[in-house]
Amino acid sequence: MSADYPLALEPRYDERPWGGRRLATRLGKRLPDAGRIGESWETTGVARVVNGPLAGATLQELVERDPAGLLGERGRAASQPFNDFPLLAKFIDAEETLSVQVHPDDEGAAPLGQRGKTEAWHILDATAESFLITGFQEPVTPERVRLALEREEIGTLLERLPVSAGDTVIVPAGTVHAIGAGVLLYEIQESSDLTFRLYDWGRRDQQGRPRQLHVEEALAALRPDRHARRTRPLELDTDRTILAACRYFLLQRWAVTGSSAYELEPGWTFHILSCIQGQARVTAGTGQTDISAGQTAVLPARVEGVTLEGAATFLVSGVPDLERDVAAPLLAKGYDAEAIAQLAGDTRDLDRLVGL
């Protein structure tokens, strides 16, 4: 059976020592009764469809059954050579500060048989003191980092970026980074779970043991000159705003009041729709589903358009062609080259396309 309607998904919840319960209290998710839940993996391969004729099938099963119809041309290219769903969407609740960590880029991950991990964060909630660790304050060598770790002075080297709800930050692979305490966010990333912990603030597990670190692996993956950057959103029209864009993903915010219809090019890319506020009916292809805050649906690449009815805000992701899907429409709207290029942070993906 073809994937030709909005696929509502059941996520996977992960308990983390730094997690909390805001995925339930702020987003209305039905969490396990106990435990500190840090992450909700919305589009992992084991996420199951909960509506329509394909109910019960996992996302990975649908990739294998109908790659062209589900992923589209851009999605299929991004899924190679792993034959998986190439983007992973998450909700993350950081009650405490996460470990200081590094994700390798594609080149560094290839020997491990995986893809790299560039990601973007959209802040949903934060305290007045909330921050992100977004790189080093100044250029460092591996030797200096090792010495700082030995002396437990690594915090003095790290760059901290204050954030508030509504901010979007893009994190190139190879950047040393961490999510600070009090932050609730949405993440879109390359589908990878390669994480090398450099430092974990002396945190211990329930048995009193320190969490495993991967210092040498993190230093090998580290690109000390890279930084996570806050982007400046660019409005496409009254409903849609581009928040971040790079070769791996395009992240937009769609704000719907009443009824809005959007044309989609069939066979090009899938779209991940995650509701962050309100609720709406999503109609596409041969079916529809109701989505409320904290829920995610995937629009298969096969569908030709989508109609949203209600009052809701969605974060929407897919795999773009940067020139066609980002640079061209934004240049046509009158944005200059510098404004467009900053959507990619330090990855410099858009520079070539806009003449910088």
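Leaving aside its neighbours within four places in sequence, which residues is His271 in contact with? Select Leu264, Ala297, Val298, Leu299, Val316 and Ser317: those are its partners, where contact means heavy atoms within 4.5 Å. Before going on, note that this is a predicted model, in which local features need pLDDT of at least 70, side-chain atom pairs count only at pLDDT 80 or more, and totals for chains, interfaces and linings use all residues. Residues are numbered from 1 along each chain as its sequence is written, and side-chain values use heavy atoms, with hydrogens and water left out.

Stay on His271 for a moment. It sits in strand E18, residues 271–284; helices (H or I, at least four residues) and strands (E, at least two) are DSSP runs, numbered from the N terminus. His271 has 13% relative accessibility, so it counts as buried (buried is under 20% relative accessible area, exposed over 50%, partly exposed in between, with a 1.4 Å probe and protein chains only).

Next, pick Leu70, Phe85 and Ile272. These have the most contacts inside the largest nonpolar core, a set of 39 residues. Such a core is made of buried Ala, Val, Leu, Ile, Met, Phe, Trp, Tyr and Cys residues joined through side-chain atoms within 4.5 Å. Elements giving it two or more residues include helix H2 (59–65), helix H3 (67–79), strand E5 (87–94) and E18. Another core lies apart from this one, with 22 residues, among them Leu149, Ile154, Leu198 and Ala218.

Zoom in on Phe85: beyond its neighbours within four places in sequence, its contacts include Leu59, Val63, Leu70, Phe270, Ile272 and Val298.

Now go to the loop between H3 and E5, where you'll find Pro81. The peptide bond from Gln80 to Pro81 is cis, with omega near 0 degrees. Asn83 is in that loop too, between H3 and E5, and its phi is near 55 degrees, a positive value in a residue other than glycine. Asn83 is partly exposed, at 41% relative accessible area. For context, most residues other than glycine have a negative phi, and most peptide bonds are trans.

Last stop: colour the open sheet of seven strands, ordered E2-E3-E5-E12-E7-E10-E14 with antiparallel pairing. Strands E2 (12–20) and E14 (229–230) stand at the edges with a single partner strand each, so one side of each has no neighbour in the sheet. Strands pair if DSSP finds at least two bridges between them; E2 and E3 (residues 37–41) have five, in the antiparallel sense. To see this pairing, select Gly20, which stands opposite Ile37 in E3.
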